4 protein chains.
Amino acid sequence: MSAYDMQKTDLATRLARIEGQVRGIARMVEEDRYCIEILDQVSAITKALQQVSLGLLHDHLEHCVVDAVHAGGSQAQEKIDEATSAIARLMRS
Amino acid sequence: MSAYDMQKTDLATRLARIEGQVRGIARMVEEDRYCIEILDQVSAITKALQQVSLGLLHDHLEHCVVDAVHAGGSQAQEKIDEATSAIARLMRS
Amino acid sequence: MSAYDMQKTDLATRLARIEGQVRGIARMVEEDRYCIEILDQVSAITKALQQVSLGLLHDHLEHCVVDAVHAGGSQAQEKIDEATSAIARLMRS
Amino acid sequence: MSAYDMQKTDLATRLARIEGQVRGIARMVEEDRYCIEILDQVSAITKALQQVSLGLLHDHLEHCVVDAVHAGGSQAQEKIDEATSAIARLMRS
């Protein structure tokens with residue numbers, strides 16, 4: 001089993017934690033906490049979201065892309081192009 | 001008034017929307033939606049968080065850093081170093 | 001043919017152009033050009049490097065990963081984990 | 001003196017090294033080196049460029065922005081907006 005594998009329950013737990021972190025930032029803003037502290041919390045959420053992206057992407061390569069390769073024809077090419085475009089959007093975000 | 005100015009209420013609105021987007025992703029995972037669609041939603045949240053960071057950073061430069069420059073002494077230097085470190089963490093996240 | 005396909009000669013051309021852009025920045029620093037102008041040139045190079053990364057990554061998925069899937073066994077899994085790790089490093093850089 | 005201060009000679013040295021790294025990648029492509037190895041070299045260059053950006057940005061805040069604050073009037077506001085826009089472009093690149 002790969003280090004990147006995320007079960008649905010694992011993804012759900014991570015997303016619930018991220019939701020809590022976003023609420024935490026709203027509270028920090030409300031309490032006029034120091035900007036730099038808030039900025040670091042935003043960086044922490046961005047990193048947690050990146051881990052979610054990598055888990056989803058790994059799962060996509062391992063299942064959808066591998067299946068398309070086995071199916072043969074133009075599907076593999078299409079799936080690889082689509083995955084590359086999604087990675088491009090992640091790198092830019 | 002600068003395009004980057006974010007009132008506290010504006011920040012609160014943006015964070016509430018981001019919280020809703022995170023919940024939306026949890027729902028998409030639950031419903032087994034297509035990975036690439038979910039990945040694009042994660043990219044959208046990352047971009048929304050970046051806008052929040054830029055608003056906070058602008059506010060920090062405009063208030064804390066400007067005040068430290070007026071106060072003079074080593075404070076301005078310290079605040080500028082601290083802001084640069086925070087920008088470094090944002091760029092890496 | 002995919003929009004991401006980069007021939008070896010295309011890659012060589014892009015890298016030669018990036019090398020020229022880096023030399024251009026060195027010249028701008030030498031001539032004391034305005035910081036913001038130099039920063040924007042650095043952003044332009046980073047974007048050009050990202051395009052190179054995406055081309056290399058697409059090529060890797062299309063050749064090495066697809067070959068490993070056809071070979072079967074644990075190789076596909078290993079290649080997909082390795083690609084995911086490389087994407088993680090690109091996203092963080 | 002701040003950890004982010006970069007003398008002109010330091011910047012020139014870093015840029016010359018980056019130029020050499022780009023040439024190194026062109027050589028790796030020419031020699032058909034393994035994609036993942038090349039990708040990691042691209043990540044290394046992106047990180048080196050980020051360090052250059054942070055040095056330039058710190059210098060900009062410490063000199064141009066601080067001078068504008070001392071000059072007073074609308075100049076400080078304009079410089080801070082301009083710096084925030086440049087940081088936004090760096091974060092997206």
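Visitor: How many residue pairs are in polar contact between chain B and chain A?

Guide: In this predicted model, the count between chain B and chain A comes to 12 residue pairs in polar contact, both residues being at pLDDT 80 or more. The elements of chain B that give two or more residues to the side touching chain A are helix H1 (8-30), helix H2 (35-71) and helix H3 (75-92), and the largest share, 18 residues, comes from H2(B). The residues on that side divide into 22 nonpolar, six polar and 10 charged.

Visitor: What makes A:Glu19 and B:Arg23 a salt bridge?

Guide: The closest N and O atoms of A:Glu19 and B:Arg23 are 3.0 Å apart, and the rule asks for a side-chain nitrogen of Lys or Arg within 4 Å of a carboxyl oxygen of Asp or Glu, so the pair qualifies. Across the interface of chain B and chain A, the rule finds six salt bridges.

Visitor: Why is the salt bridge of C:Lys8 and D:Asp32 said to join two chains?

Guide: The side chains of C:Lys8 and D:Asp32 meet at 3.3 Å, N to O. C:Lys8 lies in helix H1 (residues 8-30) of chain C, while D:Asp32 lies in the loop between helix H1 (8-30) and H2 of chain D, and therefore the pair joins two chains.

Visitor: Why is D:Asp32 called exposed, and what is C:Lys8 called?

Guide: D:Asp32 has a relative accessible area of 56%, and exposed means over 50%, so the word applies. C:Lys8, with a relative accessible area of 37%, is called partly exposed, because that term covers what lies between under 20% and over 50%.

Visitor: How do you know that C:Arg14 and C:Asp10 are separated by about one helical turn?

Guide: C:Arg14 and C:Asp10 are four residues apart in helix H1 of chain C. An α-helix has 3.6 residues a turn, so residues three or four places apart point the same way. The side chains of C:Arg14 and C:Asp10 meet in a salt bridge at 3.4 Å, N to O, and C:Arg14, at 25% relative accessibility, counts as partly exposed.

Visitor: How do you know that the span of helix H3 of chain D is close to the one expected?

Guide: Helix H3 of chain D, residues 75-92, has 18 residues and reaches 26 Å from its first C-alpha to its last, close to the 26 Å expected at 1.5 Å a residue. Among the buried residues of H3(D) are D:Ile80, D:Ile87 and D:Leu90, and what covers the buried residues of this helix includes H2 and H3 of chain B.

Key
Residues are numbered from 1 along each chain as its sequence is written. Chains are lettered from A and ligands numbered from 1 in the order in which they are written. This is a predicted model: local features need pLDDT of at least 70, side-chain atom pairs count only at pLDDT 80 or more; totals for chains, interfaces and linings use all residues. Side-chain values use heavy atoms; hydrogens and water are left out. A polar contact is a pair of N or O atoms within 3.5 Å; within protein, one must be able to donate a hydrogen and the other to accept it, and residues adjacent in sequence count only if both atoms are side-chain atoms. Ala, Val, Leu, Ile, Met, Phe, Trp, Tyr, Cys and Pro count as nonpolar, Asp, Glu, Lys and Arg as charged, and the others, Gly among them, as polar. The expected span of a helix is 1.5 Å times one less than its number of residues. Buried means under 20% relative accessible area, exposed over 50%, partly exposed in between (1.4 Å probe, protein chains only). Contact means heavy atoms within 4.5 Å.
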